[in-house]
Amino acid sequence: MSLQTMVVTQFHRPHGILGHIAGWIMAHRPSNRDRNRWTVDLLDIQPDDDVLEIGCGPGLALEACLKRVTRSRVMGLDHSQAMLDQAAARNARALSEGRLILRLGAWESLRDTEQQFDKIFSVNVVQFLDDPAAAFDVLHATLKPGGTAATTYMPRGKNPTREQAHRMANDVKRCMENSGFIRIKLEELPLNPVPAVCVLGTRA
Ligand SMILES: C[S@@+](CC[C@H](N)C(=O)[O-])C[C@H]1O[C@@H](n2cnc3c(N)ncnc32)[C@H](O)[C@@H]1O
């Protein structure tokens with residue numbers, strides 16, 4: 001296996017030295033930075049919103065959220081300790097002030113939490129889900145009534161296509177409909193080599 005392939009396979013659950021390299025790539029690749037910023041913009045985050053990012057990786061989007069959330073807290077969840085360490089280093093001040101909470105765990109573990117959020121989002125995590133239907137049920141239950149979820153996806157790997165992005169968006173939309181989300185809409189951000197898509201929906 002080439003070094004490049006070894007790093008790429010880290011994106012599901014980064015660990016060890018290669019995991020740290022994968023996190024560095026996530027934090028510095030322009031398309032990754034753009035789609036994280038765009039997703040946070042789409043959520044129209046308010047100063048007193050409770051916000052959760054699932055699969056926060058190195059914490060780029062958490063940083064953007066913390067600029068908007070001034071009277072509440074932001075939580076980052078990831079099943080990789082290596083990624084939580086990078087997110088902590090990137091957002092050390094907010095963490096020490098108690099404005100940022102970092103939690104080790106999987107998307108699926110949210111079914112055991114009673115806390116609910118105004119805004120929940122993920123960026124390039126949905127492709128790793130074993131049971132998307134169950135994951136979107138949990139997402140719906142973890143939102144406050146009237147809260148909004150955003151799921152962003154940009155295909156990677158060899159020869160990604162816009163069609164792949166839209167196929168995923170349609171799968172996400174179907175899961176969200178089945179979970180009870182309303183006002184579901186799709187947004188697209190032109191990027192190189194393929195666009196990122198984001199599906200947003202609200203809990204009634
Ligand atoms: C491709 S990276 C994206 C990271 C970040 N969202 C970004 O765009 O920079 C995927 C991240 O999701 C995490 N992840 C994957 N599946 C997960 C799951 N089921 N629960 C929690 N975290 C997950 C990985 O550990 C990794 O940090």
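Colleague: Hi! Where is the place of Asp 44?

Modeller: Hello! In this predicted model, Asp 44 sits in the loop between helix 3 and strand 1.

Colleague: And what is its phi? I mean Asp 44.

Modeller: Phi of Asp 44 is near 50°, which is a positive value in a residue other than glycine.

Colleague: Is Asp 44 buried or exposed?

Modeller: Asp 44 counts as exposed, with 51% relative accessibility.

Colleague: Which other residue other than glycine has a positive phi near 50°?

Modeller: Asn 159 has one, with phi near 50°. You will find Asn 159 in the loop between strand 5 (143-153) and helix 8. Asn 159 is exposed, at a relative accessible area of 68%.

Colleague: Back to helix 3, then. How many residues does helix 3 have?

Modeller: Helix 3 covers residues 30-42, so to speak 13 residues, and reaches 18 Å from its first C-alpha to its last, close to the 18 Å expected at 1.5 Å a residue.

Colleague: Which residues are buried in helix 3?

Modeller: In helix 3 the buried ones are Ser 31, Asn 32, Arg 35, Asn 36, Trp 38, Thr 39 and Val 40.

Colleague: What about helix 2, which residues are buried there?

Modeller: Leu 18, Gly 19, Ala 22, Gly 23, Met 26 and Ala 27 are buried in helix 2. Helix 2 has 13 residues and reaches 19 Å between its first and last C-alpha, close to the 18 Å expected at 1.5 Å a residue.

Colleague: Let's switch to charges. How many salt bridges does the count come to?

Modeller: The count comes to twelve salt bridges. One of interest pairs the side chains of Lys 119 and Asp 49, at 2.7 Å from N to O. Lys 119 lies in strand 4 (residues 117-123) and Asp 49 in the loop between helix 3 and strand 1 (51-54), so this pair ties together parts that are 70 residues apart in sequence.

Colleague: Are Lys 119 and Asp 49 buried or exposed?

Modeller: Both Lys 119 and Asp 49 are buried.

Colleague: What does Glu 163 form a salt bridge with?

Modeller: Glu 163 pairs with Arg 167, their closest N and O atoms being 3.4 Å apart. The two are four residues apart in helix 8 (residues 162-179), so about one helical turn separates Glu 163 and Arg 167. Glu 163 is exposed at 54% relative accessible area, while Arg 167 counts as partly exposed at 46%.

Colleague: Which residues are linked in a network of salt bridges?

Modeller: Asp 50, Asp 118 and Lys 144 are linked that way.

Colleague: New topic: what volume does the largest pocket have?

Modeller: Its volume is about 1,000 Å³. The largest pocket is lined by 45 residues, with Phe 11, His 12, Asn 124, Gln 127 and Phe 128 lying nearest its centre.

Colleague: Which element gives the largest share of that lining?

Modeller: Helix 1 does, with four residues.

Colleague: And how do the lining residues of the largest pocket divide?

Modeller: They divide into 22 nonpolar, 15 polar and eight charged residues.

Colleague: One last thing: which peptide bond is cis?

Modeller: The bond from Asn 192 to Pro 193 is cis, with omega near 0°. Pro 193 is in the loop between strand 6 (182-189) and strand 7 (196-202).

Notes: Residues are numbered from 1 along each chain as its sequence is written. This is a predicted model: local features need pLDDT of at least 70, side-chain atom pairs count only at pLDDT 80 or more; totals for chains, interfaces and linings use all residues. Side-chain values use heavy atoms; hydrogens and water are left out. The expected span of a helix is 1.5 Å times one less than its number of residues. Buried means under 20% relative accessible area, exposed over 50%, partly exposed in between (1.4 Å probe, protein chains only). A salt bridge is a side-chain nitrogen of Lys or Arg within 4 Å of a carboxyl oxygen of Asp or Glu. On a 1 Å grid over the protein atoms alone, a cavity is a set of points where a 1.4 Å probe fits but cannot get out, and a pocket is an open set with protein on both sides within 12 Å along at least five of seven lines; lining residues have an atom within 4 Å of a point. Grid points are joined across faces, edges and corners, and a volume is the space filled by probe spheres set on the points. Ala, Val, Leu, Ile, Met, Phe, Trp, Tyr, Cys and Pro count as nonpolar, Asp, Glu, Lys and Arg as charged, and the others, Gly among them, as polar.
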